[in-house]
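Dear colleague,

I am handing over the structure we spoke about, so that you can look at it beside these notes. Please open it first and then read on.

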Amino acid sequence: MNKGVLFLVSGPSGAGKGTVLKNFLPKHPDMFYSISATTRAPRPGEENGVQYYFMTAAEFEKLRMEGGFLESATFCGNSYGTPRAAVMEKLEKGIDVLLEIEVQGALQVMENYPEGIFIFIAPPSMDELRTRLVGRQTEEASVIETRLARAEEEMALAEKYTYIVVNDIAERAAEDLEAILVAEKLRTARRK
Ligand code: 5GP
């Protein structure tokens, strides 16, 4: 039996990873969407074990020290990590896995699991990224400037990825993801 394929979607905050995946995931109920662990507080409506596994800093650190994460990173003062066991178990069973994580974590997965398929979701332009971050109205002006500065650094890492998808319109970008998935599954090397 073939192993599952690990697809990783990443990109700067505000590039619209979440919106693209909302268009993509319902069409792929057979894929395993990895639920991350985080130390950030749940937002209204978020439930433990659905959007995230919400943990205390001590619980997170214990799991990290035990090697329980495939990758982990700090983002805006909180820790985020991909639980290793669930992902590896699905891949072994031949189930494809999808991770949606920020760029520092993605770089670690490139090291730890180079056979993964790495997809960078880019905003159409930095101007558009600014418009989106301002439009969300979830961050203060100074935080937006910090995120934009970080986004510029993150854009420079795009070339390390297998694919770059420009998120101009989320539905269209989801079709690009679809094309990547189909092509990767058809690779000769996977068709044993
Ligand atoms: P939020 O707090 O808005 O849900 O997520 C903040 C950022 O953390 C997003 O860019 C999201 O992709 C990223 N993130 C979510 N889960 C993980 C994870 O397991 N590992 C890493 N490295 N980043 C994650």
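This is a predicted model: local features need pLDDT of at least 70, side-chain atom pairs count only at pLDDT 80 or more; totals for chains, interfaces and linings use all residues.

**The mixed sheet**

Four strands make up an open sheet with mixed pairing, and their order across it is β4-β3-β6-β5. The edges are taken by β4 (52-54) and β5, each of which has a single partner strand, so one side of each is left without a neighbour in the sheet. From one strand to the next the twist averages 25°. Helix α3 packs on this sheet, where it touches β5 and β6, and its direction makes about 30° with that of β6.

Going through the pairings, β3 and β4 run parallel and are joined by three bridges, with Ala-37 standing opposite Tyr-53 in β4. Strand β3 (residues 36-38) is also joined to strand β6 (residues 78-83), in this case by two bridges and in an antiparallel sense, and here Thr-38 stands opposite Tyr-80 in β6. Between strand β5 (residues 69-75) and β6, which run antiparallel, there are six bridges; along this pairing Phe-69 faces Pro-83 in β6, and Ser-72 stands opposite Gly-81 in β6.

**The turn at Cys-76**

β5 and β6 form a hairpin with two residues between them, and Cys-76 is found in the loop that connects these strands. The phi of Cys-76 is near 50°, which is a positive value in a residue other than glycine. For context, most residues other than glycine have a negative phi.

**The parallel sheet**

The other sheet is also open, and it is formed by five strands in the order β2-β7-β1-β8-β9, with parallel pairing. Its edge strands are β2 (32-33) and β9 (163-166), each pairing on one side only. Strand β8 (residues 117-122) runs parallel to β9, and four bridges join them; in this pairing Ala-122 stands opposite Val-166 in β9. Helix α3 (residues 84-92) packs on this sheet as well, touching β1 (6-10), β2 and β7 (97-100), and its direction makes about 150° with that of β7.

**Helices α5 and α6**

Two packed helices are described by the angle between their axes and the distance between the axes. For helix α5 (residues 126-136) and α6, the axes come within 11 Å and cross at roughly 145°, and the crossing is right-handed. On the α5 side the residues that meet α6 include Leu-129, Leu-133 and Val-134, together with Arg-130 and Arg-136. Among their counterparts in α6 are Ile-144, Leu-148 and Ala-151, as well as Glu-145 and Glu-152.

**Aromatic rings**

A search of the whole structure finds five aromatic pairs. In one of them, Phe-120 and Tyr-161 have ring centres 5.0 Å apart and planes at 70°, so the pair is edge-to-face. Which parts of the chain does this pair link? Phe-120 belongs to strand β8, whereas Tyr-161 lies in the loop between α6 (141-155) and β9, so that the pair, at 41 residues apart, links distant parts of the chain. Both Phe-120 and Tyr-161 are buried.

Elsewhere, ring pairs link Tyr-52, Phe-54, Phe-75 and Tyr-80 into a cluster. A contact of another kind involves Lys-90, which lies over the face of Phe-32, at 5.1 Å from the ring centre.

Key: Residues are numbered from 1 along each chain as its sequence is written. Side-chain values use heavy atoms; hydrogens and water are left out. Two strands pair if DSSP finds at least two bridges between them. Contact means heavy atoms within 4.5 Å. Axes are lines fitted to C-alpha atoms, for helices over the stretch in contact, and angles run from 0 to 180 degrees between N-to-C directions. Rings of Phe, Tyr and Trp (its six-membered ring) pair if their centres lie within 6.5 Å; planes under 30 degrees apart count as stacked, over 60 as edge-to-face and the rest as tilted. Buried means under 20% relative accessible area, exposed over 50%, partly exposed in between (1.4 Å probe, protein chains only). A charge sits over a ring if NZ of Lys or CZ of Arg is within 6 Å of the ring centre and within 35 degrees of the ring normal. A crossing is left-handed if the near helix is turned anticlockwise from the far one by less than a right angle, and right-handed if clockwise.
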